[in-house]
Amino acid sequence: MLLQKLGKNLLKNCGRYENLRKLVLVRTFTEQKMSVNGHDVTYVKTGKDISVDNLILLPGALGSPLSDFKPQLEKLPELLPNYTIIGFTPPGYGKNASEKRQFGLDFFERDALAALTLMQQLEINKFDVLGWSDGGITGMVLAGFHSFNVRRLVVWGANAYIHPDELKIYESIRDVSKWSEKMRKPMEEMYGKDGFPRLWGEWVDAICRFYKERDGNICKEHLEGITAPTLIVHGAKDPMIVPEHVPYLLNHIENSELFVFEEGKHNVHLRFAEEFNKLVAEFLQRDMAKVSQSHAKKN
């Protein structure tokens with residue numbers, strides 16, 4: 001009887017310890033720094049320490065892995081137990097903000113190269129890509145220009161060009177003092193109350209330049225180079241991009257498919273995190289043996 005009681009208490013304590021361990025793992029992501037192409041780049045690493053299956057997360061405008069992908073960093077390692085997961089912060093964003101962000105008509109290409117170089121310096125040459133908003137554009141550039149390195153691609157809230165109506169959207173959100181405190185506060189904490197509106201204004205100016213100087217083209221020329229199986233996720237109520245971008249991407253990315261969150265907006269991965277994570281995990285693991293064989297043949 002005593003042994004049974006001790007056994008039950010031990011199991012109970014073990015269960016509590018396991019739950020505590022999971023909480024500690026969830027809450028303690030350490031940003032690491034590496035010099036990439038002459039720039040300081042921070043990143044977060046979770047999942048398996050070393051793996052043949054690797055995934056990089058590319059954040060939205062002014063974002064970082066911890067601001068944009070917390071539900072993915074916390075839960076994807078459970079759904080993708082064989083994966084090493086890297087969260088990337090572009091130069092000039094997040095804790096890299098001590099270095100002035102360099103905007104220009106090639107900033108998506110430069111971010112894509114920085115992401116690729118980071119992975120290579122981590123000795124990862126083949127990987128899957130998840131990109132949200134600006135990160136989705138970076139992901140499409142990366143997959144199109146460096147198709148040898150990208151196995152699978154997932155993008156959402158992303159566009160290959162600027163529609164005239166989107167200029168009005170960008171100008172309507174330029175003044176961050178009109179944002180809700182919930183939306184504004186994390187960025188103010190990251191960049192400061194003066195630094196955030198300044199950097200955001202520079203981003204709006206940079207995006208509008210694509211329309212004024214390149215007829216709206218952001219990365220159309222890279223889409224035809226994408227050979228990786230691609231999942232396009234769309235929030236049907238996304239206020240940031242016009243709906244026509246979805247069929248455009250489907251028609252110009254050869255091996256692509258679509259999933260729509262009917263009640264989703266721009267941040268479907270946060271609002272519907274559990275369903276989104278399961279969707280991504282299923283897509284990335286589908287026919288993985290075939291994908292690995294295909295890349296082995298190219299190698």
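Analyst: A residue is buried when its relative accessible area is under 20%, exposed when over 50%, and partly exposed in between, with a 1.4 Å probe and protein chains only. By that cut-off, 52% of the 299 residues of the protein count as buried. The model is predicted, so local features need pLDDT of at least 70 and side-chain atom pairs pLDDT 80 or more, while totals for chains, interfaces and linings use all residues. Numbering runs from 1 along each chain as its sequence is written, and side-chain values use heavy atoms, without hydrogens and water.

User: Which residues lie nearest the centre of the largest pocket?

Analyst: Rolling a probe the size of a water molecule over the atoms shows where empty space is left. Trp132, Met183, His266, Asn267 and Leu270 lie nearest the centre, among 33 lining residues. A pocket here is an open set of points on a 1 Å grid over the protein atoms alone, where a 1.4 Å probe fits, with protein on both sides within 12 Å along at least five of seven lines; lining residues have an atom within 4 Å of a point.

User: Which helix supplies the largest share of that lining?

Analyst: Helix 7 does, with 4 residues; helices are DSSP runs of H or I, at least four residues, and strands are runs of E, at least two, numbered from the N terminus. Helix 7 spans 181-191.

User: How do strand 1 and strand 2 pair?

Analyst: Pairing requires at least two bridges found by DSSP. Strand 1 (residues 31-36) and strand 2 (residues 39-47) are antiparallel over 6 bridges, with Gln32 opposite Tyr43. In their hairpin, Asn37 takes a positive phi near 50 degrees.
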